[in-house]
Amino acid sequence: MDVAKFTQALTPEIIENFKTAIEIGKWPDGKKLTKEQLETCMQAVIAYEHQHLKEQERTGYVPPKETPCASDDETPLKWEK
């Protein structure tokens, strides 16, 4: 199954269950997620959100800074030996 068909089969409820499983590391029945299950859930959430949500609504979105961290007129650090 390709990614597009896979993400179309996912529902918001499934994605929320995946997110909860990722957060707590367990399935609703209490069984621990394997490394492969964790990776698959994360990939499914990312693919689903990329296809169905605006960028600002996606998990992990960080808005751009309004001002830069440093200005161009700052003197660079000089390391002493």
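Going from the N terminus, the elements of this protein run α-α-α. That makes 3 helices and 0 strands, and keep in mind that the whole thing is a predicted model.

As for overall dimensions, a compact globule of 81 residues would come in near 12 Å for the radius of gyration, but this protein has 20 Å.

Now for contacts. Take the ones between residues at least 6 apart in sequence: 47% of them join residues at least 24 apart. On the charge side, there are 11 positive and 15 negative charges, and their mean positions sit 6 Å apart.

Searching the whole structure for aromatic pairs turns up 1. It's Phe18 with Trp27: the ring centres are 6.3 Å apart and the planes meet at 65°, so the pair is edge-to-face. The cut-off behind that label is an angle over 60 degrees.

| Residue | Relative accessible area | Class |
|---|---|---|
| Phe18 | 17% | buried |
| Trp27 | 23% | partly exposed |

The line between those classes is drawn at 20% relative accessible area. Phe18, at 17%, is under that cut-off and so counts as buried, while Trp27, at 23%, is partly exposed.

Key. Residues are numbered from 1 along each chain as its sequence is written. This is a predicted model: local features need pLDDT of at least 70, side-chain atom pairs count only at pLDDT 80 or more; totals for chains, interfaces and linings use all residues. Side-chain values use heavy atoms; hydrogens and water are left out. Rings of Phe, Tyr and Trp (its six-membered ring) pair if their centres lie within 6.5 Å; planes under 30 degrees apart count as stacked, over 60 as edge-to-face and the rest as tilted. Buried means under 20% relative accessible area, exposed over 50%, partly exposed in between (1.4 Å probe, protein chains only). Helices (H or I, at least four residues) and strands (E, at least two) are DSSP runs, numbered from the N terminus. The radius of gyration is taken over C-alpha atoms; the globule rule is 2.2 Å times the number of residues to the power 0.38. Contact means heavy atoms within 4.5 Å. Lys and Arg count as positive and Asp and Glu as negative; His and the chain ends are not counted. The place of a charge is taken as NZ of Lys, CZ of Arg, CG of Asp or CD of Glu.
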